[in-house]
Amino acid sequence: MQVLKVKAQPSGLGAEVSGVDICKPISKQEYDQIEAALARHGVIWFRNMPIDDEHQEMFIKWFGPPNVAAKQLNNARMTNPHFYDVSNVDENGDIMKEDHERRLYLAANLFWHSDMSMRQPPARVTVLSARVLPEVDPPDTQFADMRMAWDALSPERQRELEPLQIEHSVYASRAKVGYTNFSEETRKLLPPTTHPLVRTHAGSARKTLYMGAHASHVIGWPQEKGAKLLEELVEFATQERFRYVHKWQPRDVLIWDDSCTLHRAVPFDDQKYRRELRWCSARELEAV
Ligand SMILES: [Fe+2]
């Protein structure tokens with residue numbers, strides 16, 4: 001059996017995987033090794049994979065049923081409902097001007113978050129492929145390991161946090177950038193949902209925190225008290241010692257486990273350079 005090569009970061013969060021071509025259909029054995037690397041390292045990447053939409057969709061389906069992106073907030077050029085256009089270009093392929101509505105919507109990605117935590121069931125795995133990167137200083141994507149953050153909390157703190165239930169919604173994350181213009185269709189697709197703050201990560205059986213920009217407050221607590229707790233916890237859990245920072249290279253395919261990591265984008269000169277990444281995600285199998 002072919003054995004994939006997994007080169008992990010010293011902290012344990014993040015690993016480069018090689019020895020398989022994910023631009024072609026992969027085997028069950030290859031998938032099992034990729035899933036095992038992801039379960040352990042939270043974020044993995046493949047270099048030099050000029051993957052197309054068809055093969056990216058085939059690939060994400062190994063991890064679970066793909067999520068359908070909300071239409072209103074996507075680029076009209078995305079004809080496949082499973083893809084979201086993480087780019088700074090409009091439907092004509094031109095760079096979006098500063099006042100473009102989708103540019104404002106995407107600005108919420110600059111806050112630490114877990115993709116689709118506002119859904120039930122939420123995303124488990126995200127696959128993001130680099131189609132076009134700025135020629136100069138492509139911006140990083142930052143990750144933090146919520147299992148490491150949980151392990152670093154005192155036993156007393158862990159006991160306090162363990163029973164808490166958190167409300168997540170897309171309205172909470174977009175309020176941070178002043179975006180409120182949601183259509184009725186989107187509101188129906190994306191009602192607020194509730195998840196436990198502390199969960200067991202299925203892939204590693206380790207306890208993990210589950211929160212981020214979509215998480216607004218603690219159920220049963222005064223709104224402000226819960227928001228403050230979440231803000232403090234995100235700050236604690238995303239310290240540099242818990243992070244992996246991905247330096248993008250052309251044709252990278254980056255995969256992460258949303259159920260045990262938070263991530264955020266980093267600003268770049270988006271009025272000068274094009275950046276086009278293709279996003280899709282697979283759901284957790286059961287509601288949590
Ligand atoms: Fe994201």
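A salt bridge here is a side-chain nitrogen of Lys or Arg within 4 Å of a carboxyl oxygen of Asp or Glu. The close-ups below come from a predicted model.

**View 1. E162 and K207 meet through their side chains in a salt bridge.** The N to O distance is 2.8 Å. E162 sits in the loop between helix 5 (155–161) and strand 7 (165–168), and K207 belongs to strand 10 (residues 207–209), so the pair ties together parts 45 residues apart in sequence. E162 is partly exposed, at 33% relative accessible area, and K207 is partly exposed too, at 31%.

**View 2. E35 and R124 form a salt bridge of 2.9 Å, N to O.** Here helix 1 (residues 28–41) supplies E35 and strand 5 (residues 123–132) supplies R124, linking distant parts of the chain, 89 residues apart. E35 is buried, with 16% relative accessible area, and R124 counts as buried at 18%.

**View 3. D270 lies in the loop between strand 14 (261–265) and strand 15 (276–283).** D270 counts as buried because its relative accessibility is 13%, under the 20% cut-off. Its side chain makes a polar contact of 2.7 Å with that of R103 and another, of 3.4 Å, with that of Q271. Beyond neighbours within four places in sequence, D270 is in contact with N88, I95 and R103.

**View 4. Helix 8 (residues 223–237) has a buried side.** Its buried residues are G226, L229, L230, L233, V234 and A237. They cover an arc of only 130 degrees around the axis, which puts them on the same side of helix 8. The face turned away from that buried side carries the exposed residues E224, K228, E231 and E235.

Terms used:
Residues numbered from 1 in each chain as written. Predicted model: local features only at pLDDT ≥ 70, side-chain atom pairs only at ≥ 80, totals over all residues. Heavy atoms only, no water. Buried < 20%, exposed > 50% of the residue type's maximum accessible area, 1.4 Å probe, protein only. Helix = DSSP H or I, 4+ residues; strand = E, 2+ residues; numbered from the N terminus. Arc of directions from axis to C-beta. Polar contact = N/O pair within 3.5 Å; in protein donor to acceptor, adjacent residues only side chain to side chain. Contact = heavy atoms within 4.5 Å.
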